[in-house]
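Reader: I would like to go through the strands and sheets of a protein model. Please take it one step at a time.

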Amino acid sequence: MAPFQTPSSDPPKHEMQYFPDMTTALPSESGEFRRALWTGLYSQLVLMTIPVGGDIGEEIHTRDQILTFTSGVGLAQVGSKEQKIKAGDMVIVPAGTKHQFLNQGPTPLILYTVYSPAEHKPTSVHKTKEEDEKEEAEGVDVPPEWSQRSRKQNIEEGWVKAEE
């Protein structure tokens, strides 16, 4: 798998973004705790690597999140439920739901996640959880305004065409 390109901070172009081998080649390509890969008008694709013995950190988002695990084993804690997770599993976290993901295996727990709408700055790359938490606390890692607009606003401003 080729190295990841640096994503743009601009609103997305109307063209395909292609990420080959996302479910099979990530272990050799991912080392950062968090890396934004693509940010659209209504969603964001982010790659995460949770180190051995590590976790994401308990959190609650105001947006939906879908996580697909590509390597490792761990424990998902979402709302009042717990679920062992492994490569090939997917977990959905509805907006407003407390969640935590813990690596319980001997290798990194690697996943990609889709936030809807975006949760992070389009060019975010955090080598560690501590770096990630620092940037979030300082207000550096915030999604762009254009990724938080409504469908109606995007139609009115010409970013998307209304369905015919």
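This is a predicted model: local features need pLDDT of at least 70, side-chain atom pairs count only at pLDDT 80 or more; totals for chains, interfaces and linings use all residues.

Reader: Which strands are the edge strands of the open sheet of six strands?

Author: The order in this sheet is β6-β3-β8-β2-β1-β9, with antiparallel pairing. An edge strand here pairs on one side only. That leaves β6 (90–93) and β9 (125–126).

Reader: Which residue in β9 stands opposite Arg34?

Author: Strand β1 (residues 34–39) runs antiparallel to β9, and two bridges join them. Opposite Arg34 stands His126.

Reader: How many residues lie between β1 and β2 in their hairpin?

Author: β2 covers residues 44–50 and is joined to β1 by five bridges, the two running antiparallel. Across this pair, Trp38 stands opposite Leu45 in β2. In the hairpin, the number of residues between β1 and β2 is four.

Reader: Why is β1 described as largely enclosed by the rest of the structure?

Author: A residue counts as buried when its relative accessible area is under 20%. β1 is largely enclosed because, of its six residues, the number buried is five.

Reader: In the open sheet of three strands, which strands have a single partner strand?

Author: The order of this sheet is β5-β4-β7, with antiparallel pairing. Two of its strands stand at the edges, so one side of each is left without a neighbour in the sheet. These are β5 (81–86) and β7 (99–103).

Reader: Which residue in β7 is the bridge partner of Gly74?

Author: β4 (residues 73–78) and β7 run antiparallel and are joined by five bridges. In β7, Gly74 has as its bridge partner Asn103.

Key:
Residues are numbered from 1 along each chain as its sequence is written. Side-chain values use heavy atoms; hydrogens and water are left out. Two strands pair if DSSP finds at least two bridges between them. Buried means under 20% relative accessible area, exposed over 50%, partly exposed in between (1.4 Å probe, protein chains only).
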